[in-house]
Amino acid sequence: LPFVEKKYKHDFFMETGNEKHDAAAAFAYSLRWVPAYIVKLYYPLLNIVESGYFNFDEDIHLRILDIGSGTGSVMWGVISFFETFRDAMRDHGASLNVSIDFLCVDRNGARNDLMTCNAKEVEERYGGRYTVTVINGNVLARNKVTDVLGRHFHLVTLCHFINEIGDAYHECIYRALNAYGELTVPVDGFMVLIEPADEEGKVNMNSARNAMSG
């Protein structure tokens, strides 16, 4: 990892919206962040399970929208959670049949290319239980969100996203959060926001919470 970062890290390494990202930078970004954040969805997912949202007597089919998907930490984290959960239930003589359709949105082309490779890996490794569709964020900018994505999402995630887009865009994002929240309404779904555990992240979370609850 240190070698890859030293070789491929650029001044714009952390600039999510910078289209100068190339494949090497996206790869270095993935090595740096996916292992660190792959379990960040475990706690909210466990909360959703404990809420009684799922009926484990039936097959469970989920649609998940990941905004600012980067190189796939949310996707891998969700898969890891349900695979671990499925194994644990099997060890106790129970079964868990879960299939998930992921819609992963990012505006960076190199990261989207890497996500497309991830999508193929996921579908081959897990025998079609999980499908992944990668969407460039610019498509959403030009069209009505629901026309592109549809509705009925059980989970909408924005993880380590608000802090990377710059203060000038925060007000737009907070307005958009309510629109993204509406995508989950038909299925009484959930929205999960995760920000870095620092002062800026705390401010972002409070602002987002106030924007949505208000």
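What is the volume of the largest pocket? Some notes on that and on the rest of the fold follow.

1. Ground rules. This is a predicted model, where local features need pLDDT of at least 70, side-chain atom pairs count only at pLDDT 80 or more, and totals for chains, interfaces and linings use all residues. Residues are numbered from 1 along each chain as its sequence is written, and side-chain values use heavy atoms, with hydrogens and water left out.

2. The pocket. The largest pocket comes out at about 760 Å³. A pocket here is an open set of points on a 1 Å grid over the protein atoms alone, with protein on both sides within 12 Å along at least five of seven lines; a cavity is a set where a 1.4 Å probe fits but cannot get out, and lining residues have an atom within 4 Å of a point. Points are joined across faces, edges and corners, and the volume is the space filled by probe spheres set on them.

3. Who lines the pocket. There are 38 lining residues, and I67, G68, R107, F161 and I165 are the closest to the centre. Elements giving two or more residues include β1 (60–67), α4 (73–91) and α8 (170–182), and α8 gives the most, with five. Helices (H or I, at least four residues) and strands (E, at least two) are DSSP runs, numbered from the N terminus. By class, the pocket lining splits into 21 nonpolar, 11 polar and six charged (Ala, Val, Leu, Ile, Met, Phe, Trp, Tyr, Cys and Pro are nonpolar; Asp, Glu, Lys and Arg charged; the others, Gly among them, polar).

4. The cavity. You'll find one cavity of 30 Å³ or more; the largest cavity is about 60 Å³. Its lining has 10 nonpolar residues, one polar and no charged, including L45, F82, H154 and F190. At least two lining residues come from each of α3 (42–50), β1 and α4.

5. The sheet. Five strands make an open, parallel sheet ordered β3-β2-β1-β4-β5. β3 (130–136) and β5 (190–194) sit at the edges with a single partner strand each, so one side of each has no neighbour in the sheet. Strands pair if DSSP finds at least two bridges between them; β4 (155–159) and β5 have five, and C159 stands opposite I194 in β5.

6. α4 lies across β1, β2, β3 and β4, at about 170 degrees to β2, while α8 lies across β1, β4 and β5, at about 145 degrees to β5. Contact means heavy atoms within 4.5 Å; axes are lines fitted to C-alpha atoms, for helices over the stretch in contact, with angles from 0 to 180 degrees between N-to-C directions.
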